[in-house]
Amino acid sequence: MNCDVCKQKTATVFLTQIVDGKMQKVNLCESCSKEKGVTDPKGFALADLLLGLGASEEMERGSTGQKCPMCGFSQADFKKTGRFGCSNCYEIFAEGLEAMLKGMHKGTTHTGKVPQRLLKARQHAEELKRLQRELRKAVDDEKYETAAELRDRIKHLEPGAAGV
Amino acid sequence: MALHNILTESGEWLSGDGPHSNIVISSRVRLARNLRNFAFPGWAKKADRIAVLECVKPQVESLPEMADAYSAYSQDLSALEKQVLVERHLVSREHAAKGVGSAVVMNRKQTLSIMINEEDHLRIQGIRSGLQLRNVFKLVDKVDTALGEKLDFAFHQQYGFLTACPTNVGTGMRASAMMHLPGLVLSEQINQVIQAVSKVGLAVRGLYGEGTEALGNLFQISNQITLGEKEDEILTRLNKVIEQILQHEVNSRASLLEKKAVLLLDNIGRAFGILRHAHSMASKEALNLLSCLKLGVDLGFFPEDGRLLVDQLFMETQPAHLQKSSQQKLQAEERDTLRADIVRAKLAKFPKPDGKKAIERGREERKEKDEKDSGAAA
Ligand SMILES: [Zn+2]
Ligand SMILES: [Zn+2]
């Protein structure tokens, strides 16, 4: 595959670029990528090339000088790479993120698949809440036998309980 | 299983027996997944990448879908082997550039491949012949669900599955179809189609070649949006658009047969002549000529039993496949000579194109249709 810029040398740097919400693949050779500053982090915001102009600006507005405590990633790193450091970064840089996601997707809320584990955890939490409501009612109604039974079941469901 | 065992068999998607596989070469779906509490591969330190790899790889290998799998660390694959996998769409070009800390696991049918520590910790990819995005999705979805029980995937209440690049966040799903569209190219309608498709949030790009040039008339249509739409909605929309493009391609072929038969005869005839007699051929030229030959088979200019041969040549004339078959690394000039030799040998008994019958049949069909239409109107 040849370089998109000079159309002569073999491309060694492969980029995905979003322009006006359209994704484009950009393939550059060694010398053209250097010329465009792709390999020179100081002179060039890869995030802008990758995610559309203005992406790194959005991020900058969101958080200043902050670093992800989990992976040490900063918004300057995002500007360089157009990628996040770890999943926790989505929390740390949430402010600028919203505007950026809005530009590239349909809204900013996931409506698709949820991992089984989380579904189970959610059901589990709901069940716990339901039992606690019932317990309060049993106590109010002075049904102590039922209350004791419910307490037992809650104990089993609470975090740290065996089999959960 | 050894890699060469897998590679001597051509993948399922190359066999060309899926729905509409004349025009829709393959359907592909990939899911991007990451583990919570570990930096993404591009930012992680080597030790962390290896830790993720050693945690993920056994889980992937123990999937029932991977019972007869090939599994390899990236550093154990030669550059040529990686390139062969890229040409078969089993690993991405980005993944082929990885070394220590990455791996790939694929099933024997070559319908499922899982890249570990590409841009994301996991890239689960399914690929099948023809238009069957939903079947491919079912496969990767099942695998994803199974892995999700064992691995703690990074999932956000609002943003969904978290990915290194925010363009993939949400479903983490990229679905695509590879289409062979010589009719739309020859009738100069392809740019309109590309423009129309990009307006509905999908992307079209040439599979090979750079810029607007699409070698071999092969195009890839894929979704761009991954957040704010359900997997099912994305697939439905993409499928609808692909079916429309498919219909446009069929129509443009019919209209070429009827109105521009000489253009077709000339293109297919020249392609046949050059492929049969050339002694040096660049990969670009081979792709374009083979595309004409494939169109010839589709239109009935060549017997149907020549189809598999032509489809196989598309792959066998790719640079890495060529070098693999010759067991050595070749210079560009040597490659071009070898490519022409292989094509000549394979097509030695290929019959001359015969467009007469196809063109007559096209005219008759058109006449029948017109009569029916005018009958309906009366
Ligand atoms: Zn260049
Ligand atoms: Zn982070």
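Trainee: What does the secondary structure of chain A come to?

Mentor: Eight helices and two strands, where helices (H or I, at least four residues) and strands (E, at least two) are DSSP runs numbered from the N terminus. This is a predicted model, in which local features need pLDDT of at least 70 and side-chain atom pairs count only at pLDDT 80 or more, while totals for chains, interfaces and linings use all residues. Residues are numbered from 1 along each chain as its sequence is written, chains are lettered from A and ligands numbered from 1 in the order written, and side-chain values use heavy atoms, with hydrogens and water left out.

Trainee: In what order do the elements of chain A run?

Mentor: From the N terminus on, β-β-α-α-α-α-α-α-α-α.

Trainee: Now the interface. How many residues does the contact take from chain A and chain B?

Mentor: Chain A gives 48 residues and chain B gives 51, with contact meaning heavy atoms within 4.5 Å.

Trainee: And what area is buried between the two chains?

Mentor: About 4200 Å², of which carbon and sulfur atoms give 57%. Buried area is the accessible area (1.4 Å probe) that two parts lose on being put together, summed over both. In chain A, the residues that lose the most area to chain B are Tyr90(A), His110(A) and Lys113(A), together 17% of what that side buries.

Trainee: How many salt bridges does the rule find across it?

Mentor: Six, counting a side-chain nitrogen of Lys or Arg within 4 Å of a carboxyl oxygen of Asp or Glu. One salt bridge joins the side chains of Lys120(A) and Glu149(B), at 3.9 Å, N to O.

Trainee: Switching topic: where is Thr317(B) found?

Mentor: In the loop between helix H11 (307-316) and helix H12 (319-326) of chain B.

Trainee: Why does Thr317(B) count as buried?

Mentor: Because its relative accessibility is 2%; buried means under 20% relative accessible area, exposed over 50%, partly exposed in between (1.4 Å probe, protein chains only).

Trainee: Which backbone oxygen lies 2.7 Å from a polar atom of its side chain?

Mentor: That of Leu313(B). The side chain of Thr317(B) also reaches the backbone oxygen of Phe314(B), at 3.4 Å.

Trainee: Leaving aside neighbours within four places in sequence, what is Thr317(B) in contact with?

Mentor: Ser283(B), Ala286(B), Leu290(B), Leu322(B), Arg339(B) and Val343(B).

Key
Polar contact = N/O pair within 3.5 Å; in protein donor to acceptor, adjacent residues only side chain to side chain.
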